[in-house]
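The sequence and structure are shown first, and the points follow by topic.

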Amino acid sequence: MNFIFPPQNQTILPIRGREEVFPVNRVYCVGRNYAAHAIEMGHDPDKEPPFFFQKNPDNILLEGNDFPYPPMTKDVHHEIEMVVALKSGGDNISADKAMDCVYGYGVSLDMTRRDLQGVMKKLGRPWEIGKAFEHSAPCSELVAAADIGHPGEGAVWLKINGETRQEGDLNQLIWKIPEMISYLSDHFTLHSGDIILTGTPSGVGPVVKGDKMHGHVAGVGDIHVNVS
Ligand code: MN
């Protein structure tokens, strides 16, 4: 088979302590999966359950690279999130089978052009220009569940220039990991290589050029990304 032009590169994530790498398929993101964040965004978590949107695999920014302040915005926000990485998928996966699909975990930043997202929300339009832009998903290396187990609780925080901005705990997730996988698999066919950004705790806010972001998920790892 001859391509009329070379296909785009496969996005890959490194894995801590292993030579193998993780090829990324789809990138699912959970919206409003921590009650305190739903409330800070002006929503009632009791009336509006979490939901999903997607980013593109090639929006992933590998750690070690700067996050370039994106165009067309004056209000880019940080959202620290744990990543769940799948080694298998399927349709209609029950919650009690869902954890069999999990390869491991990572730490990511769901960078958001909040001003553009706000305009789209008001108009009832899709969120892509607010969420799925270039380099909008900085990701750490993954860690295998075989090495660390399945974290169900532990601190999730983000510091900017050493100052804490976001703080939460994995035990505050509204949709737990098995529920996320099960729900997603009812609506889409999940595949090995899919990753899920599991939602952000409260304290989201803007970044500016020169900021040093340091995110942490207890038991999983850290991410360090500078805004340039
Ligand atoms: Mn998010």
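**Salt bridges and the metal site**

In this predicted model, Asp110 and Lys55 join their side chains in a salt bridge, with an N to O distance of 2.7 Å. The pair connects distant parts of the chain, 55 residues apart: Asp110 sits in the loop between strand 8 and strand 9, and Lys55 in strand 4. Asp110 is also one of the protein donors of the manganese ion.

**Burial of the pair and its network**
- Asp110 counts as buried at 0% relative accessibility.
- Lys55 is buried as well, its relative accessible area being 3%.
- A network of salt bridges links Lys55, Glu79, Asp110, Arg114 and Lys131.

**Manganese site**
- Glu79 (OE), Glu81 (OE) and Asp110 (OD) are the protein donors, at 2.0 to 2.1 Å from the manganese ion.
- The spacing of these donor residues in sequence is E-x1-E-x28-D.
- Glu81 belongs to strand 7 (residues 80-86) and Asp110 to the loop between strand 8 (102-109) and strand 9 (112-113), so the two tie together parts 29 residues apart in sequence.
- Both Glu81 and Asp110 are buried.

**Other salt bridges**
- The count of salt bridges comes to nine.
- Asp147 and Arg18 form one at 2.7 Å, N to O, which links helix 5 (residues 145-148) to the loop between strand 1 (12-14) and strand 2 (21-23), 129 residues apart.
- Asp147 is partly exposed at 48% relative accessibility, and Arg18 is partly exposed at 33%.
- Glu48 and Arg32 meet in a salt bridge at 3.2 Å, N to O.
- Glu48 is partly exposed at 33% relative accessibility, whereas Arg32 is buried at 13%.

Terms used
Residues are numbered from 1 along each chain as its sequence is written. This is a predicted model: local features need pLDDT of at least 70, side-chain atom pairs count only at pLDDT 80 or more; totals for chains, interfaces and linings use all residues. Side-chain values use heavy atoms; hydrogens and water are left out. Donors are N, O and S atoms within 2.8 Å of the metal (3.2 Å for Na, K and Ca); water is not among the atoms, so sites may look incomplete. Helices (H or I, at least four residues) and strands (E, at least two) are DSSP runs, numbered from the N terminus. Buried means under 20% relative accessible area, exposed over 50%, partly exposed in between (1.4 Å probe, protein chains only). A salt bridge is a side-chain nitrogen of Lys or Arg within 4 Å of a carboxyl oxygen of Asp or Glu.
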